[in-house]
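The sequence and structure come first.

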Amino acid sequence: MIIQQLINGMILGSVYALLALGYTMVYGIIKLINFAHGDIYMLGAYFGYFFLRVLHLNFFIALILSMAICAVLGMLIEFIAYRPLRHSPRIAVLISALGVSFFLENGMSYLFGSDKRSFPQAIETTQYHFGSLQISNIQIIIITTAIVLMILLNIIVKKTKMGRAMRAVSADEEAAILMGINVNRTISFTFAIGSALAAAGGMLIGLYYNNIDPLMGMTPGIKAFVAAVLGGIGIIPGAALGGWLIGILETMTQAVGLSNYKDAIVYAILIVILLLKPTGILGKNKREKV
Amino acid sequence: MDKAHIKYTLSWATLALMIVILIVVMTMFDIIGPYGLTTIVLIGINLIAAIGLNLIIGMSGQFSLGHAGFMAIGAYATALIVTAVPTIFGFIMSLFVGAMLSGIVALIVGIPTLRLRGDYLAIATLGVSEIIRILIMNFKFTHGPAGIFAIPSFVNWPLVFGMAVLTIIVVVNLVRSPTGRAIIAVRDNEIAAESLGINTTKYKVIAFVLGAVLAALAGGLRASFIQSVSPQDFTFMQSITILIIVVLGGIGSISGTVVTAIALGILDVILQNFGSLRMVIYAVVLIVVMLFRPQGLFGRSEFSLKKMLFDSGGNHDKDHSKGA
């Protein structure tokens with residue numbers, strides 16, 4: 001029973017982790033809580049919906065296309081709404097981010113209605129039983145996709161030139177400029193990667209819960225931010241760890257019958273973490289940030 | 001108090017009176033119908049909440065995203081007490097209770113969280129506000145997600161107008177008092193303020209608690225005016241609505257808040273026909289204002305009658321008071 005809940009929590013947590021990675025990378029590099037991140041996740045789900053329902057593409061092709069489009073959108077949002085404010089007070093960028101979030105949510109409600117839509121069942125659900133444990137192929141797809149994407153991200157950040165540039169800008173922007181790193185391009189790239197991961201999360205959750213709506217990104221967005229803070233904001237493995245922990249915690253609270261309070265518990269944990277150890281679980285004084 | 005000051009104060013009072021007369025006359029000639037009066041009341045309520053938030057964000061420089069939570073406390077206090085004691089006395093008492101309760105919660109929350117900086121504080125206050133809402137949604141006595149209906153109404157436009165004017169007077173005077181100066185000093189440079197012997201946490205908490213009290217007041221007025229409350233009224237969106245007023249007007253400018261609250265109230269009426277497109281337009285306005293005027297429309301400057309009426313060039317004002 002507990003193991004079953006752990007598995008369910010890991011699956012939900014994988015999606016939070018994908019979202020949290022975007023938050024943590026963006027925060028690491030420009031110190032912005034990108035409130036629009038949860039809405040990119042929503043857009044990812046909607047593009048997925050379009051590719052699956054209208055164009056009848058294969059799920060994984062739709063996933064890649066949706067990630068690519070959201071990557072471009074992420075770069076576009078950064079270019080329009082955040083880049084001109086790079087040297088303004090931080091509150092101005094934060095409010096601009098809120099504006100973008102507001103725009104995406106209400107724009108999608110305006111264009112496609114605010115009702116829930118059922119996400120196409122692109123992959124037939126089959127349940128596997130291992131003793132008393134039960135796991136579906138959808139759940140396996142979610143967790144493997146998430147892990148594969150995280151490994152890819154790690155390779156990009158650790159092994160490529162762009163990844164090194166990202167780490168450099170996040171460590172010291174001024175010094176990075178002096179070393180000849182194109183900061184604008186690096187920040188764009190960070191937004192592209194983060195948004196692609198969010199889009200993947202959105203599509204996976206659409207497949208899992210079978211429905212999507214324009215406000216679906218709000219609560220997961222905030223929870224993913226909590227996950228990023230929990231693991232240590234700016235630290236990539238921390239975001240993954242935080243995501244899984246929040247996912248497990250949420251399914252556990254549901255399992256003990258406190259599902260009405262599950263969001264309140266997440267927020268309470270956030271506040272406690274902020275007060276006791278603002279650098280998060282994996283945070284050290286000398287932080288490895290991206 | 002010298003004559004010039006009395007004259008200056010009187011001219012503000014005259015301005016307020018003129019607005020009241022204008023509203024009364026316009027109601028008499030049916031230029032403002034019941035719908036117009038509703039708009040005026042809602043503008044006043046938003047104004048009170050926004051001034052409270054501006055005190056927190058603009059004056060003390062602490063970024064709070066939890067205003068809706070404190071409004072909810074005030075609203076539910078009024079809803080519950082007025083339903084039990086449906087008299088004007090019960091209503092006044094409910095506003096006090098709501099304000100006190102909200103102040104106490106802000107104190108408990110503020111002392112630890114105000115140590116956090118910038119974004120962390122924003123997200124912590126957002127968390128607090130959501131926790132308040134989720135608790136209200138799950139408590140029995142608050143009637144859960146459905147909320148409370150048929151709350152007796154004691155709110156009319158002169159009351160809200162009077163409360164808004166009173167709020168402005170209190171906050172403007174606070175800002176100009178030694179306490180207010182200390183709050184602004186903490187905002188401008190925390191380390192410098194601390195080294196001058198200012199207890200930074202204390203002044204941040206004062207601003208935070210007062211802002212929460214004003215939010216509760218606005219919430220209470222709103223509950224009695226709309227005659228219903230539900231947890232859905234106090235989501236993150238409500239905090240954002242108030243935040244937009246503060247930010248567009250200019251973070252730290254009371255007159256900016258007043259002007260934007262009125263302007264957005266009127267814009268709301270105009271955009272009513274646009275339905276959900278209205279929110280899209282708001283979002284675009286918000287982004288555009290941030291891009292071209294990150295400090296808000298008024299920045300930190302204040303609209304001043306003194307400059308307009310008495311300061312007609314050079315030392316006119318001084319000479320006049322000497323002569324008199």
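## Helices H1 and H8 of chain A

In chain A, helix H1 (residues 2-30) and helix H8 (residues 183-209) have axes that come within 8 Å and cross at roughly 165°. Axes here are lines fitted to C-alpha atoms, for helices over the stretch in contact, and angles run from 0 to 180 degrees between N-to-C directions. H1(A) and H8(A) are therefore roughly antiparallel, a class for angles over 145 degrees, with under 35 counted as roughly parallel, 65 to 115 as roughly perpendicular and the rest as oblique. The crossing of H1(A) past H8(A) is left-handed; a crossing is left-handed if the near helix is turned anticlockwise from the far one by less than a right angle, and right-handed if clockwise. Helices (H or I, at least four residues) and strands (E, at least two) are DSSP runs, numbered from the N terminus.

From H1(A), the residues in the contact include A:Val15, A:Leu18, A:Gly22, A:Met25 and A:Ile29. From H8(A), they include A:Ile187, A:Phe191, A:Gly194, A:Ala198, A:Gly201 and A:Ile205. Contact requires C-beta atoms, placed from the backbone, to lie within 7 Å. By class, the contact of H1(A) with H8(A) has 16 nonpolar, five polar and no charged residues. Ala, Val, Leu, Ile, Met, Phe, Trp, Tyr, Cys and Pro count as nonpolar, Asp, Glu, Lys and Arg as charged, and the others, Gly among them, as polar.

## Basis and confidence of the model

This is a predicted model, in which local features need pLDDT of at least 70, side-chain atom pairs count only at pLDDT 80 or more, and totals for chains, interfaces and linings use all residues. Residues are numbered from 1 along each chain as its sequence is written, while chains are lettered from A and ligands numbered from 1 in the order in which they are written.

The predictor gives the complex an ipTM of 0.83 and a pTM of 0.86. The mean pLDDT (the predictor's confidence in each residue, from 0 to 100) of chain A is 88, with 98% of its residues at 70 or more. Residues 286-290 of chain A have pLDDT below 50, and this stretch has 17 contacts in the model beyond near neighbours in sequence. Chain B averages a pLDDT of 86, and 94% of its residues score at least 70. Over residues 313-324 of chain B the pLDDT stays under 50, and the model has eight contacts for them beyond four places in sequence. Where pLDDT is low, the predicted coordinates should not be read in detail.

## Packing around H4 of chain B

H4(B) packs with helix H9 (residues 200-226) of chain B at an angle of about 145°, the axes being 8 Å apart. H4(B) passes H9(B) in a right-handed crossing. Among the residues that meet are B:Phe91, B:Leu95 and B:Gly98 of H4(B), and B:Val205, B:Phe208 and B:Ala212 of H9(B). The contact of H4(B) with H9(B) has 15 nonpolar, eight polar and no charged residues.

Helix H3 (residues 67-84) of chain B packs with H4(B) at an angle of about 145°, with axes 8 Å apart, and their crossing is right-handed. The residues of the contact of H3(B) with H4(B) divide into 13 nonpolar, six polar and no charged.

## Contact between the chains

The contact takes 31 residues from chain B and 33 residues from chain A. On the side of chain B that touches chain A, helices H4 (88-113), H5 (118-138), H10 (236-249) and H12 (277-292) each give two or more residues. H5(B) gives the most, with twelve residues. This side of chain B divides into 24 nonpolar, five polar and two charged residues.

A:Phe225, in helix H9 (residues 218-231) of chain A, touches A:Tyr23, A:Ile33 and B:Ile123, not counting residues up to four places away in sequence. A:Phe225 counts as buried, with 29 C-beta neighbours inside 10 Å. A residue is buried if 20 or more other C-beta atoms lie within 10 Å of its own, exposed if 12 or fewer, and partly exposed in between, with C-beta atoms placed from the backbone.

## Positive phi in loops

Most residues other than glycine have a negative phi. A:Asn210, in the loop between H8 and strand E4 (211-212) of chain A, has a positive phi near 70°. B:Gln227 has a positive phi of about 70° and lies in the loop between H9 and H10 of chain B. A:Asn210 is partly exposed, with 15 other C-beta atoms within 10 Å; B:Gln227 is partly exposed, with 16 inside 10 Å.

Definitions and conventions:
Two residues are in contact if their C-beta atoms, placed from the backbone, lie within 7 Å.
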